[in-house]
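User: I would like to learn how to read the surroundings of a ligand in a protein model. Could you take me through it step by step?

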Amino acid sequence: MYDPLIDRNIGASQAYPDSYWAQHTDIAEPTAPLLQDLRSDVVIVGGGYTGLSCAYQLATRFNREVSVLEANQPGWGCSGRNAGFVLRGTGRLGLAQLTQRFGAECAGLFHQEYGDAITQVKRMISAGNIRCDSQPEGYLKVAHNAATAADLPAQAAFLQRQFGYQAEYVSPQQLKRDYMHNAQAYGAIRFPDCFGVNPLALAQGYAVMAQQSGVKLYAGSPLLSWQRETDGGFLLQTPKARIRCKQLLLATNGYTPKGLYPALNRACLPVLSSIIVTQPLTPAQLEQSGLQHTQLVMDTRALKYYYRKLPDNRILFGGRSAVYGKDAEKTVYPARLLAALKACFPMLTDLRCDYHWSGWVAVSYDDLPRVCEAEPGLFYAAGYCGSGVSFSTLAGVRLAELASGVAVPPLPIYQSRLAPFPLPAFRRLGQQAYYQWGRFKDRFL
Ligand SMILES: Cc1cc2nc3c(=O)[nH]c(=O)nc-3n(C[C@H](O)[C@H](O)[C@H](O)COP(=O)(O)OP(=O)(O)OC[C@H]3O[C@@H](n4cnc5c(N)ncnc54)[C@H](O)[C@@H]3O)c2cc1C
């Protein structure tokens, strides 16, 4: 599998991974690659949610001439292969940690922004009439042990008091009665406004909306290299043709190839996340497991598991995967996920896995993303740390605003660049050490 820390180029025109989503989505014919030299006001690199949302905004709100270069197909990266959790937030810091780091007022702005991100996804779904199987709202953050569970009532009360957010504490008894017979669940907090979607259908919908707004979308067109022109603009090289532009917006996130923009590469750690999808549960299995609902679920482990029931009664179950791209397809990873699923739901012991795939999320050094102008005329949005379905959509809006000189909310994530990792060559060693520690913490602490 392509590995952004090792490969200098991402490749071109690759098929979607063999995921449940690719098998259950009407996929549009790929658009043609860039075959002729041209000029464009703005070029966006990367056709995921960030790039497509940004392109749509630039075309519709700012009347800009936009070209999108996508190495493969729209949504080929994370956007077409994620778990489809439209969550409130991004990065790895909750509102309590944001309050500690930036103060209560700024945490309030984050809360507002995260709510706006969910609203923006809903707005896009409605404006584009996107058929992406939106499920009824609700996300359960489930405590995986009694010690973590003890904090949940206070956490829910803090969210209500401080932010007026209707988070609900769910006791272990209520969790069992209403949501799941999970042997490793000790209570939960329920977030009422998050919901599940088919992520690839959402990405396809964004691509259609961008194109219908006049955006030129070139699939199979990786940006191989770029240079500055004397007038401050950019000259971009793709396999068959070149583009000149005034502004260059990188929306390549966890898939940014090694050589594309080293400052961005050094500031992200691409981490593999893996998903399995089981065979459909029988009515008896649904009843025994209690999984009769479509709430999104994630646990509180350091090495988190996340899961949801899909519209056809299969369970999507995800978590950590290999460290290196070359190991991503090894059977040990789906086997581990299936074993973890069965440890939570021992009554599902006969369940088989029908699909497995992985993707690269971009983890930032300080656990927060950035949307910024990195140098004159060159912008990026990256570092969502695996939580980006809602935020990427809003990040596209903010990126378009920054590139058009419009003020964005005064949040730290829009006011600075991503910090480089210290000793970037050792990022993967650090990751392996974190996994060891996480395993120990999740088992014994
Ligand atoms: C397994 C998995 C599960 C996840 N589940 C969730 C979830 O449930 N909820 C959630 O909030 N987040 C989830 N995420 C994260 C979420 O999917 C991402 O944060 C989000 O999709 C990022 O969107 P993006 O547009 O920024 O990047 P991507 O969708 O990754 O798009 C980047 C694009 O850039 C293209 N590209 C790269 N280099 C070049 C180049 N040189 N030239 C041209 N194109 C290039 C790639 O082909 C790719 O299509 C998950 C991620 C994974 C991998």
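Analyst: Let us begin with an idea that we shall need at once: a polar contact is a pair of N or O atoms within 3.5 Å. Please keep in mind that this is a predicted model. With that cut-off in hand, we can see that a polar backbone atom of Gly-386 lies 3.2 Å from a nitrogen atom of the ligand, while a backbone N or O atom of Gly-388 is 2.8 Å from an oxygen atom of the ligand.

User: How far is the polar side-chain atom of Thr-50 from an oxygen atom of the ligand?

Analyst: That distance is 2.7 Å, and Thr-50 is also listed, together with Glu-70, Ser-79, Asn-253 and Val-389, as coming nearest among the 37 residues around the ligand.

User: How many nonpolar, polar and charged residues does the shell around the ligand have?

Analyst: The shell is made up of 19 nonpolar residues, 16 polar ones and two charged ones.

User: Why does the ligand lie between domain 1 and domain 2?

Analyst: It lies between them because domain 1 (20–83 + 200–267 + 366–434) and domain 2 (134–196 + 270–364) both give residues to the shell around the ligand. The C-alpha centres of the two domains are 29 Å apart.

User: How should I read the size of the interface between the domains?

Analyst: The size of an interface is often given as the accessible area lost when the parts come together. Here, about 2,100 Å² is buried between domain 1 and domain 2, with carbon and sulfur atoms giving 60% of that area. Of the area that domain 1 buries against domain 2, Tyr-20, Ala-83 and Arg-428 supply 32%, more than any other three residues. In terms of contacts, 26 residues of domain 1 meet 23 residues of domain 2.

Terms used: Residues numbered from 1 in each chain as written. Predicted model: local features only at pLDDT ≥ 70, side-chain atom pairs only at ≥ 80, totals over all residues. Heavy atoms only, no water. Near = heavy atom within 4 Å. Polar contact = N/O pair within 3.5 Å; in protein donor to acceptor, adjacent residues only side chain to side chain. Nonpolar A, V, L, I, M, F, W, Y, C, P; charged D, E, K, R; others polar. Domains from an automatic or database assignment. Contact = heavy atoms within 4.5 Å. Buried area = accessible area lost by both parts, 1.4 Å probe.
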